[in-house]
Amino acid sequence: MEFSIKSGSPEKLRTGALVVGVFESRKLGGAAAVLDAACKGRIGDIVGSGDMEGKSGSTLLLHALPGIAADRVLLVGLGKEKEFGLKEYREAMAVSVRALRETGAKDAVSTLTELAPRKVGTAGAMRQAALVTLDQLYRYDTHARNKKDESHALVALAFTVAKKSATSAASEALAQGEAIGHGVALARTLGNLPPNVCTPTHLAEQAIELGKKTGSITVTVLERADMQKLGMGSLLSVAAGTRQPPKFIAMEYRGGKKSEAPIVLVGKGITFDSGGISLKPGEGMDEMKYDMCGAASVLGTFQALAAMKLPLNVVGLVPTTENMPGGAATRPGDVVKSMSGQTIEILNTDAEGRLILCDALTYAERYDPACVVDIATLTGACIIALGHVTSGLMANDDPLADELLAAGQTAWDRAWRLPIWEDYQEQLKSNFADMGNIGGRPAGSITAACFLARFTKKYKWAHLDIAGTAWKSGKDKGGTGRPVPLLTHFLLARAGKI
Ligand code: BES
Ligand code: MN
Ligand code: ZN
């Protein structure tokens, strides 16, 4: 999709389709009012007739309006003006893109960007416009035998700004939104790929590819022997049962000053979580291919980061393996030694995410990081707590937690904080090692984070549990690309760009 910015009289825009918003009051404002005047009140008549009442989700396509240069005018209902927030703005944008896909228009101009709530601002409106559009146009077709020809006509989409002076700031924000949108798409595709294709080796190859493509990311891949030398006994205990070689991927993006401490992102990369010897029940087990969505979000964020050329130093770490049963697999009762030296009694081999993350978190110490954020489809309990709407956030540093919450709000990729107070640590006690790897049913997401907290004492750290938000089940089964929007907005803010 070719994105651009336009300003000037909407009635004079030569385009396949012009998108115009209508609130439920049916009072025409902004571009709608200008267009209405240009076509001598035709739009007002149609809106008055009851064919377009401004209800959110509704659209009406008009052809060849007199006095208007555009071939088509697409009216989009926006709901009540008073209730028009970022959520409603995004929905209107999504509805308009779906409607445009159904037309024969090759190019279109959307004036919805001018209606974005004041709080969102011009830059926010542009970022969200690109993000929502790319999310709507995304199709997974890697393994579709009959690639349905959905080659919709639309190839170019422009968004308008009310004032010409806003064009350059709007362009920068639009480019950011586009970069983030492509990062989201990469994360979605990596998640959607079948687990026999998206193996640890595949993830490592994708990271190396990203390094080559961008030219600004250095990629190192550690093999099993390297991990053995480092003492990553916890990570390797998860990789004991699989025939797929585990990988430890380190990506370095250095866009900031040499002396500046890096932000480290750590993504859980379980390419298939069978549960291991503590085998999961069969129903829905296919969805455990998505257990690498934390890793996918790190790759997606890195792609966006490189495209936006942010002046930051960022390191991405991805411990990746399958979790499989087998004759060599780790047993419940086994005790392993982590890279930190702390020993772990493995009471349930299905609590494997924390076992690979803890060694990556210890490895992160070598970067002397400004902060570390890990992203993981860590606990089913997080879905019980927050559903599929909100990611779980836990942190050992309040300002870092607040930054991430704010980034989630701005990006509309929201998270909510849960406590990791010392009181919960008791649940991880073991009679046979420094800790057990499970804390029982109460507060399952919190005790998982409390486990990780034992490995993050040397730096500021936050943990995002994306078990409920990284993918959708049911008829719309598929990766969401979350939390790439949150992470990229966090980085944009750190770079002083928001
Ligand atoms: N990958 C799962 C968590 C998960 C489950 C994410 C379902 C999304 C949907 C994780 O490795 C896991 O199995 N966690 C266990 C932990 C338990 C054994 C303490 C869980 O949540 O049941
Ligand atoms: Mn598991
Ligand atoms: Zn898992």
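Which element gives the largest share of the lining of the largest pocket? That was my way in, and I kept in mind that this is a predicted model.

**Entry 1: the largest pocket**

I looked up the space first: about 1,300 Å³ lies in the largest pocket. I then asked for its lining and got 38 residues, with Arg90, Asp135, Gln136, Lys472 and Thr480 the closest to the centre. Next came the elements that give two or more residues to this lining: helix H3 (86-101), helix H4 (121-137), helix H5 (167-192), strand E19 (471-472) and strand E20 (478-479). My opening question is settled by H3, which supplies seven residues, the largest share.

I also sorted the lining by residue type. I noted 16 charged residues, 13 nonpolar and nine polar.

I moved on to the second largest pocket, which holds about 1,100 Å³ of space. I counted 38 residues in its lining too, and the closest to its centre are Lys280, Asp350, Thr379, Gly380 and Ala381. Helix H10 (353-363), helix H11 (380-386) and helix H13 (444-453) each put at least two residues into this lining. The largest share comes from H11, with five residues. By type, I wrote down 15 nonpolar, 13 polar and ten charged.

**Entry 2: Cys39**

I picked out Cys39 in the loop between helix H1 (30-38) and helix H2 (42-49). Is Cys39 buried or exposed? Its relative accessibility is 2%, and the cut-off for buried is under 20%, so I put Cys39 down as buried. Setting aside residues up to four places away in sequence, I see Cys39 touching Leu65, Pro66 and Ile68. I also checked Cys39 against Asn146: they are 107 residues apart in sequence, and their C-alpha atoms are 45 Å apart in space.

**Entry 3: Thr111**

Last, I went to Thr111, in the loop between strand E5 (107-110) and H4. H4 had already turned up in my notes as one of the elements lining the largest pocket. Thr111 has 3% relative accessibility, so I count it as buried. What does Thr111 contact, leaving aside neighbours within four places in sequence? I listed Leu18, Val19, Val20, Gly21, Ala31 and Thr160. For Val19 I have a distance as well: its backbone oxygen lies 2.6 Å from a polar atom of the Thr111 side chain.

Notes. Residues numbered from 1 in each chain as written. Chains lettered and ligands numbered in written order. Predicted model: local features only at pLDDT ≥ 70, side-chain atom pairs only at ≥ 80, totals over all residues. Heavy atoms only, no water. 1 Å grid on protein atoms, 1.4 Å probe; cavity = no way out; pocket = protein on both sides within 12 Å on 5 of 7 lines; lining within 4 Å. Points joined across faces, edges and corners; volume = space filled by probe spheres on them. Helix = DSSP H or I, 4+ residues; strand = E, 2+ residues; numbered from the N terminus. Nonpolar A, V, L, I, M, F, W, Y, C, P; charged D, E, K, R; others polar. Buried < 20%, exposed > 50% of the residue type's maximum accessible area, 1.4 Å probe, protein only. Contact = heavy atoms within 4.5 Å. Polar contact = N/O pair within 3.5 Å; in protein donor to acceptor, adjacent residues only side chain to side chain.
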